[in-house]
Structure formats: C-alpha cells, structure tokens
Amino acid sequence: MQVVKYSGEVEEFSPEKIKRTIINASGSKKLAEEAVREVVQQYHDPMTTKEILEILLGLLKKEPGVAERYDLKRAIMSLGPSGFPFEIFFAHILEHYGYATKVGEKLIGNNLVYEIDIVAQKLPPGKQSGKKFLVECKYHNKPGLATKVRYAKQTHEKFLALKNYNFDQPWLVTNTKCSFDTIEYAKSVNMKITSWGYPKEESLMVLIKKQKLYPITILQSLPNKIKEKLYNSKILIAQDLLQYSLPELKQKLQLPEKEITGIIRKVKDIVGE
C-alpha cells in the first residue's frame with residue numbers, strides 16, 4: 001500500500017504513523033485503531049494524503065477537539081494568505097515562552113532600511129535583558145513545500161548588516177519543513193531554526209502543543225469575517241479568547257451571545273479544559 005504526499009513523493013502507507021499522530025492529538029487508542037481500519041477499508045491505489053486526511057477528520061470528531069488538534073498543520077496554513085498573521089502568531093508563542101517581542105521593526109544597516117519580522121529577547125526570570133534574536137519568518141500557505149536555503153542566507157545577511165544592534169543570533173522560522181541544505185547552512189553560521197518538525201524537541205509543532213498555543217484558525221467553523229476581527233485585535237491564539245469576559249467578546253466580535261458561547265466551548269474542547 002502506497003500513499004502520494006502533497007509534494008508528489010510516494011511513501012509506504014504507515015498505520016502506526018496514523019495511530020501515533022492521533023494519540024499525539026490526545027485521541028484514544030480505540031479511536032486511533034478505528035481510524036486506521038476505516039482508512040484501510042477505503043484504500044485505493046493510488047491514494048493521497050489529502051484523501052486520508054478527509055477520512056480521518058470525519059471520524060475524529062467522535063471525540064471532542066481531536067479532529068481540530070489533528071489538523072493543526074492545515075490550521076496554521078489558514079493564517080494567510082499573507083505571512084503577517086503568522087509573524088504575530090509566532091511572536092505570541094515566543095511571549096508564552098518568556099520572550100519580549102517586537103513585530104515589523106525597521107532598522108538601518110549599511111545605509112539600507114531592513115524590516116525585521118520579529119525582534120525577540122529572552123528574558124530570564126527577574127532580569128530586564130537577555131539573549132537577543134533577529135527572527136525572520138518564512139510562511140507557506142500550501143502543503144508539500146520546503147523552505148529553501150536562500151531564505152536562511154537572506155536572514156544571515158540581515159543579521160550581518162545589522163551588527164550594530166547587537167543581535168546575538170539570527171533565527172529562521174517556518175511552518176513547513178526545511179530542506180537539508182537549509183539546515184546544514186544554518187548550522188554553519190550558528191543560525192537557530194524552528195520548522196514544523198525540526199529541531200525535534202523544539203519544533204513549531206512541539207512549541208504549540210506543549211503549551212496548547214493553537215491558532216484561532218483551528219476553529220474550523222469560524223467565519224472569515226470573525227477571523228479578520230480577531231487578527232485586527234491581535235488575537236491569534238485560541239486559548240487567549242478564554243482571558244476575556246463574555247461582554248468583552250461580544251464587543252470585539254459583534255456576535256450574539258449564543259455564538260460566542262459556542263466558540264468558547266469549542267476552544268475549551270481543543271485545549272482540554
């Protein structure tokens with residue numbers, strides 16, 4: 001049994017991979033096994049990962065929040081079409097991990113103006129300063145694309161041009177995977193990388209799941225006009241909605257109380273409250 005990936009590559013069908021990802025999305029072992037049986041039953045040659053995903057998402061709705069958590073990668077790709085919401089989203093993730101951030105800073109180096117996606121500074125407990133990073137985000141809104149080495153080189157060039165700002169390290173962030181060349185280049189110039197699955201213990205996926213920092217686009221039924229209102233309010237992490245009272249959310253979203261209650265209930269399902 002073989003599966004065609006979004007990139008066009010063909011790989012062997014892996015029931016264990018499906019089970020593992022469902023359990024990682026906090027689905028039960030019983031649900032994972034049922035999902036694998038259903039995919040095997042509906043298998044045809046050739047079958048795409050997109051087809052498998054659609055089968056799984058229908059089944060995973062049997063347990064609250066599992067389908068949404070399983071579809072995290074696509075939720076992040078729904079932050080577009082521009083990369084700007086992704087920059088704000090990642091800045092908010094960094095803030096949850098103890099960084100101070102500034103988005104869209106314009107800095108001068110070599111007589112040129114450079115716009116930096118994120119300036120991030122790690123603040124150790126009780127201290128006002130710490131390691132300072134120049135963060136560049138490469139956002140993809142289509143699956144199957146790898147971040148190429150040229151983006152790492154551009155990030156490093158900015159870092160060198162802005163040496164007077166005392167950045168300690170350049171940092172490339174992407175919502176997909178990085179090519180082998182990109183990772184090797186980053187190692188050679190001491191550049192930090194955060195991609196979907198790399199590095200293993202601090203990948204984008206791990207950073208999100210560890211503190212349940214799911215994007216608001218994980219709320220699949222949320223209308224685009226409501227997403228735009230949330231973007232404009234700089235709310236890009238679903239659990240941040242739980243910080244607001246019902247009257248505050250009614251004012252921000254201009255929605256009936258019943259709809260807002262439904263959104264909050266879904267957020268709680270996803271983050272496990």
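This is a predicted model: local features need pLDDT of at least 70, side-chain atom pairs count only at pLDDT 80 or more; totals for chains, interfaces and linings use all residues.

Modeller: Helices (H or I, at least four residues) and strands (E, at least two) are DSSP runs, numbered from the N terminus. Residues are numbered from 1 along each chain as its sequence is written, and side-chain values use heavy atoms, with hydrogens and water left out.

Biologist: How do you know that K227 has no salt bridge?

Modeller: A salt bridge requires a side-chain nitrogen of Lys or Arg within 4 Å of a carboxyl oxygen of Asp or Glu. For K227, the nearest side chain of opposite charge is that of E228, 8.8 Å away. Lys and Arg count as positive and Asp and Glu as negative, whereas His and the chain ends are not counted. Leaving aside residues up to four places away in sequence, K227 touches I216, T217, L219 and L222, contact meaning heavy atoms within 4.5 Å.

Biologist: What makes K19 and E16 a salt bridge?

Modeller: Their closest N and O atoms are 3.6 Å apart, and the limit is 4 Å, so the pair qualifies. Both residues lie in helix α1 (residues 15-24), three residues apart, about one turn of the helix. In general, side chains of opposite charge can pair when their charged atoms come close.

Biologist: Why is K19 called partly exposed?

Modeller: Buried means under 20% relative accessible area and exposed over 50%, with partly exposed in between (1.4 Å probe, protein chains only). K19 has 24% relative accessibility and therefore counts as partly exposed.

Biologist: D71 and R74 also form a salt bridge. Which of these two is buried, and how do you know?

Modeller: D71 has a relative accessible area of 8% and is therefore buried. R74, at 32%, is partly exposed. The closest N and O atoms of this pair are 3.2 Å apart.

Biologist: What makes K158 and E136 a pair that links distant parts of the chain?

Modeller: Their side chains meet in a salt bridge of 2.9 Å, N to O. K158 is in helix α7 (residues 149-161) and E136 in strand β6 (residues 132-138), 22 residues apart. Both residues are buried. The structure holds 13 salt bridges, and K5, E11 and K17 are linked in a network of them.

Biologist: How do you know that the span of α12 is close to the expected one?

Modeller: The expected span is 1.5 Å times one less than the number of residues. Helix α12 (residues 257-271) has 15 residues and reaches 21 Å from its first C-alpha to its last, against an expected 21 Å. Likewise, α7, with 13 residues, reaches 19 Å, close to the expected 18 Å.

Biologist: Why are the buried residues of α12 said to be on the same side of the helix?

Modeller: The buried residues of α12 are I260, I263, I264, V267, I270 and V271. They cover an arc of only 120° around the axis, which puts them on the same side of α12; the arc is that of the directions from the helix axis to the C-beta atoms. These residues pack against α4 (66-70) and α11 (246-253). The face turned away from the buried side carries the exposed residues K258 and R265.

Biologist: Why are β2 and β3 called edge strands?

Modeller: Two strands pair if DSSP finds at least two bridges between them. Three strands form an open sheet in the order β2-β1-β3, with mixed pairing. β2 (10-12) and β3 (47-48) each have a single partner strand, so one side of each is left without a neighbour in the sheet. Strand β1 (residues 2-4) pairs with β3 in the parallel sense over two bridges, and V3 has M47 of β3 as its bridge partner.

Biologist: What makes β4 and β5 a pair?

Modeller: They are joined by 10 bridges and run antiparallel. E105 stands opposite I116 in β5. Two residues lie between the strands of this hairpin, in which N110 takes a positive phi near 55°.
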